[in-house]
Structure formats: C-alpha cells, structure tokens
There are 2 protein chains.
Amino acid sequence: MPDFGRPLPEIPPSPLIAVEQLLHSFGHESPVPLHQGRTVFEPAAHPRAWRREEFGIAAHEHAPPAGVPALRRAIAEQVGARRGTPVTPEQVIVTNGATHGVATVLNAVLRPGDEVLVLSPQWLFATGLIRAAGGVPREVPVFLELCQDEEFDFIAAIERAVGPRSRAVYFNNPNNPTGFRLAEPAVAALVELAERHDLWLIADNAYENYDFSPDGFLDTATVGRAAERTFSVHSCSKTYAMPGARVGYLVAPPGCTQVLTKWALHSVYSVATATQFAAFEALAGSADELAERRELAADAWQLVDDALEIPHTAVTGGLYTFLDLRALADPGDFVRRCAEAGVALAPGRAFGEHCAGWARICFTAAGPELVLDAVRRINKTYWEGIREH
Amino acid sequence: MPDFGRPLPEIPPSPLIAVEQLLHSFGHESPVPLHQGRTVFEPAAHPRAWRREEFGIAAHEHAPPAGVPALRRAIAEQVGARRGTPVTPEQVIVTNGATHGVATVLNAVLRPGDEVLVLSPQWLFATGLIRAAGGVPREVPVFLELCQDEEFDFIAAIERAVGPRSRAVYFNNPNNPTGFRLAEPAVAALVELAERHDLWLIADNAYENYDFSPDGFLDTATVGRAAERTFSVHSCSKTYAMPGARVGYLVAPPGCTQVLTKWALHSVYSVATATQFAAFEALAGSADELAERRELAADAWQLVDDALEIPHTAVTGGLYTFLDLRALADPGDFVRRCAEAGVALAPGRAFGEHCAGWARICFTAAGPELVLDAVRRINKTYWEGIREH
C-alpha cells in the first residue's frame, strides 16, 4: 500500500468520540449526553416528497452547485430584511452544513501556509478545517479574558498575533464554548482591525437564534464596512434543530460567487436536493416558534447557572457554558470522572490549546430534569476532586 | 476586499453551463438535454420520514462522519458478496456523492504538487478535483486509441507519463465519455503498473450498473493484488437514478478508515442522514430492476448507434458515446450549432485536452423517440458542416 500524502497528523482524533467511548466503557444504560451541541427541540422540517412546482426541482435531480435557486432567493430575502440592505441570491451559497461553508471559504482564501487568526476558545473543528485547507491556525485567547473583564483589550491581543501570512479572522458570536457575546462596539473594532491589515472576516453564526441579549443576534456584516470583507456562515443545525440535514449557507460579499461556487462544486458538487427543500420549509417557518425556543434555551441556561457549584462563564448566548476546573489537582481527569458518573462533557482542550483546565457543558441537550440531575452529579464529582486536592 | 488565495483560475467554468446558456439564448421551448449524464429511470427511493428503528438514527440527527453504521454494513455486505471476499464496514466511507468521494481520496493521498495520471478522456470534473486538492493532473490519452485498436499498448503510454511526483492513477470503467471498457487482462496490467511504481488506484465505478459486456461490471479491487491499493468510488446517482441524493461511497483498503474519516469530517462533517436512508432503501431494492435498466440502456445505445451518421465510439458500457467531429472545418462550433437546432451536447474539450474534435452525447437522458429525433437533428447539422468544408 502506498502512503498517504496528507494524513493530517496535526489534527487529533475527535475528543467527543473519546468521550463516547468512555461512557460506553462505564456501561451506563442512559448517560446524559451534554458533550455535544444539541437541543431537545423538534426539527423544523422533516424529509418528505414534494411536487416539483413547490421547489422548482425534483428530489432525484441534482441541484446546481451554489444551491437551489428558490432556496437561495428565500435566504437572500430573509438576510436582506434582517440586515436592512439588499442581499442578492448570487451572494448566497448553500453548503453541506456550516462545516462545509467554513471549509469552502478557507479553501478559497488560503494559500498553503497562510494563517487564520482564531478568536479562542473556538468551535471544535475550526483549527482542523484550517489545517485541512493547507493553512495554519493561530489561536488568540480572548473570550475567557473578556468573560472575566469586559474591558480586556482583545483588539491589542489580536493585533499582536497578526503577521505577514495572516489572511483572515475566524470567530463565532455568540461564542461556543463560553457563551460570551461580542457587542457592536467590539465587533466594530474588530472590523477596523481587519481593514487595517486587509483581512477577511469569517463570522460563524451557528448560534444566531440563541442570542439572549436585548439587542438579539448581531450580524457582523451590518457593522461598519464589514460587508465587503465578511463571509457570514449560517447553519440550519442549531437554528432549526436539524443537524442531520447538513444544510448551511454562506452570505458573501458581492463578486465572490464564481470562486466560492468552484470550491463548492469541486468538493461535493452540490448539497442534497431533499435536504435543501427541508431547509426551504424550515426557513418559511414561524419566527414566534424560534423566539420561543430562544426563551427556552435561556431558561435552560438560568437553571444550570443557578445549580452549578463550579465556577463557569456567564452566558449571553449559545447553548454552552465553560466550566473552570483549574482548582482541581487534575482537571483533565474531570471529564473521565463525569463519564463514570454517567454525564458526558466535552474536554476543554478541544476548544483551544490554553483550555486544558476547562470543560464544556451543553445545557439544551436534554430536558430540564435530566440536566439538573446531571449538574448535581458533576457538582458532586467536582467536590470530590476538590477534597482530594 | 482582500483577494482570494486560491481562486482556481486553472479550472475553467463548467462547459455544461455554457451549453445551457446557449440553449437559452436560442429560445428553444423544450430542447433535448443530451449534454448531462442522466437517465429517464425513476429514482430507486424517495425522501420520506421513517421510524428510528428502521435505520438506527433519526433524520434530524447528524450521522457519524464516515456514514450511518446500518448503511456502511449494508454496503460492505453487498460489495463483499460481489467481490467474493469479505469487506468490513470500516472499509466503507459514505460520501456526498462520488465527487466528494474522489475529493476525499485526493486530499488524503496528494502532497501539494503531486501528480495524478488520468486515463483520458475522463470524467468532466476529475482534473478540477485534482487541482483543488493541490495536485497536478496528467492526462494520458488511452481510450480513443483503445477504441480504434484494442491492441494499443496503453500501459506503455501510462508508463511514459509516470514521473517522480506520480502518486495515483484515476480512471473510470466503463469509461465516460467513450463507452470503452477495460477488460480484466487490461486492468491486471494496470494493477501491475501501479505496483511497479507504488501508485494508488482510484477506480471510479459511477457506471457500474451500465456495463453491457457478458461478464458485467468489473470491480478493479478483485483483480490481482489491486485491493491493497485501490480506492473504489461508487455513486447512487447513476445506479439508482438519484443524483439529487448526493450519496456515494468509497471502499478502501483496510487501514485507511481513520485518515479518510478525518478528511470527510473536515470537509462536510457528514452526509445528510435522510439521503443516507434513501440510499439504504435503494440498496435493498431489486437486482432484477437494475438488470432491466441495464438492458434498457443497452437498447438506447443500439438505437443511437444505428441512427448516428457521424463517426462515434463503440460502447460496451456507460451512458455515452463520443462523436468524432474531426472531419468538420470547425468541430468546436458543432455544439453551438446543435444547440441552435435544439439539442444539447457536451463539448469534447471538457473531457480531455486532446478532445477538442469530439462531442459527447448521452443516450439515456430522454425517451427513445426524443433521442431519435435529436440524433436526426445532429446528423443534419453534421452533414451541413461537411458540405461547408
């Protein structure tokens, strides 16, 4: 057998799979799976057959590489209405989930060896996607610092990390895993930094429906002149509770369609037509229902915030809080011990090199009673660890 | 706006889209679309809701990156039975169509600048996928030569093209666009060549159900010691008439799962769960039905072979024949003229640098009467061109 030219040794195996193997090894019949980003909400749309006229294309026909025109139009209308400025369907590229959206952008903007500044801690797969695209991730710790001190000069921290190979800044807002939300002045300063260094902005909006602040979701592209350098990444996975559909989309600056479409085509050809139709149905769903889900998620956060006896980040949005385990003798062992107690958490290290002393908990991945019971178990595990210390 | 690091200028825009724009410009109400690889057959499965027990996973849940276990098991069983040697589910990676399957393999095996030998003419997107993966495609013209002379020493032709950066051979069998089929002795010689130079084999089996030879589909991995170096790429698009499902799969040598899964995860995370279920249903369908479709496709070929007054390749499998237009003054203009006459063909250049004098016709993309009528129109266009010459 010949060898692999790019076996990606720099990307570790998924830590979530390791957690699942741990759970399995302890033989729990129904462990509480708070390690993944899940919600208990019903999916906004289900797979079904449809008449061709409903969507302009039949399920068995392959969609154009940039997406089904009817879906691109619906997305452009919705995003344009929210932004208050027109967005054309040509600016929208339908992707195989946000993962494929981020990969498509990274492939298009990175030359081999180019750097992406990653506001850290960050989404689990962000640095791996940068590696796979031939780039180098450069984590810039900002969110834990901001959680502790809103006045922390995160712009200076990013500025120090900018180098001659820097090409883009990747961030998600609200942030996974900390729940911190960059408000408009902070995003404006980030946009100015991007302008100063001619960087792209990759704004991952996976948690757009779960922004608990009074102002609600902040679309980076609406801040200052951000629209001309921002790839807005969106996902149906969290917003519509349908991660299995693998539908996400990019909203790009005008003039990017051809390049992004080439990359979409030369990675997957196109996204499954049937799941694009499900996204089309989900998009047409009720805004009230989405608002209700946001309130339920905020309630879940309050419940967990009140019950946790472990220091943790204060959440303004998203589905997670990040547990500060640095008072323990062996924070890295905490996830294993919780798995032994039947609760799955995500190890902090997966979200940033500087996060080994932390662990992530998803507060929407099970119903309130189950989550509360799980929090009691992890509190107990924590106090046992503290006593041992 | 910053610039794109990799805008892929070396990949031309899709020639099929250009053909569609031509058709549109001539204002035909119902042109005959023989430019794409299509069949008139009903899709083997339709999108539908299911009970979780049927598939071990619900539609809204995201599948594991390598595929839904039940589907991987079903594929492994079917492929193992056909090969006559066991195939494990771990050897199977479910991909977002064959496009994503080929991309996944290329990403895993190519270092930047590595070469892939492409047996030419080749599938439309093969060279672009190699470019996107950072590699260099090296077309080796063999199929038109073999069509003319079965004794043509295609191994010597490949051998001459092998260089120090050669990493893999890509080919599809039966071949798109010529319809030529490499028989077992030819494949055995190819396997030996790959062994001599320690190359991977990327066997694109998109047309596995449309092999009209008495022996039927030849799985490269069953020839000699090919299995240890062959990535078998399969697709539901043609086999089950469901290109919109975007489900394909790889069958890899043992020991490749981890690397291929990393690449699948870091490109799309996973394939849509609902379309994996559709593939699962299609796989469980009737072998008689597939055989019947093969016969219908063979009938369509006979019809076109009899009616064509233009030199063309003799077809042993696949859905296409390649028209030899070299007797015309301007072969490149033929596709435009046919579009003017209401028939869409694919320009030969899309299938290889040496194929500008050719055009591809898909004989299963419409019913027999429509195809016959289209052939009459392209014959007429051809004779007009000959007279002008």
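Begin by selecting H11(A), where 9 of the 11 residues are buried, so most of this helix is covered. Here, buried means that 20 or more other C-beta atoms, placed from the backbone, lie within 10 Å of the residue's own; with 12 or fewer a residue is exposed, and in between it is partly exposed. Helices (H or I, at least four residues) and strands (E, at least two) are DSSP runs, numbered from the N terminus. Colour the buried residues of H11(A), among them A:Thr273, A:Gln276, A:Phe277 and A:Phe280. Now show what covers them: the list includes helix H2 (52-55), helix H3 (69-83), strand E2 (92-95) and helix H9 (236-239) of chain A, together with helix H11 (273-283) of chain B.

A word on ground rules: this is a predicted model, in which local features need pLDDT of at least 70 and side-chain atom pairs count only at pLDDT 80 or more, while totals for chains, interfaces and linings use all residues. Residues are numbered from 1 along each chain as its sequence is written, and chains are lettered from A and ligands numbered from 1 in the order in which they are written.

**Where the chains meet**

Next, select the contact between the chains, which takes 61 residues from chain A and 61 residues from chain B; two residues are in contact if their C-beta atoms, placed from the backbone, lie within 7 Å. On the chain A side, H4 (97-109), H5 (126-132), H10 (257-268) and H11 (273-283) each supply at least two residues. H4(A) gives the most, with 7 residues. By class, this side has 33 nonpolar, 17 polar and 11 charged residues. Ala, Val, Leu, Ile, Met, Phe, Trp, Tyr, Cys and Pro count as nonpolar, Asp, Glu, Lys and Arg as charged, and the others, Gly among them, as polar.

**Two domains in chain A**

Colour domain 1 (15-42 + 287-388) and domain 2 (52-283) of chain A separately; the bounds come from an automatic or database domain assignment. Their centres, taken over C-alpha atoms, are separated by 26 Å. Across the boundary, 26 residues of domain 1 are in contact with 23 residues of domain 2. On the domain 1 side, helix H12 (287-307) and strand E9 (320-324) each supply at least two residues, and H12(A) gives the most, with 5 residues.

**An enclosed strand**

Select strand E12 (residues 358-362) of chain A: 5 of its 5 residues are buried, so E12(A) is largely enclosed by the rest of the structure. A:Trp358, A:Arg360 and A:Cys362 point one way, and A:Ala359 and A:Ile361 the other. E9(A) runs antiparallel to E12(A), joined by 5 bridges; strands pair if DSSP finds at least two bridges between them. Strand E11 (residues 346-347) of chain A also pairs with E12(A) in the antiparallel sense, over 2 bridges. Which residues meet A:Arg360? A:Phe322 stands opposite A:Arg360, and A:Ala346 is a bridge partner of A:Arg360.
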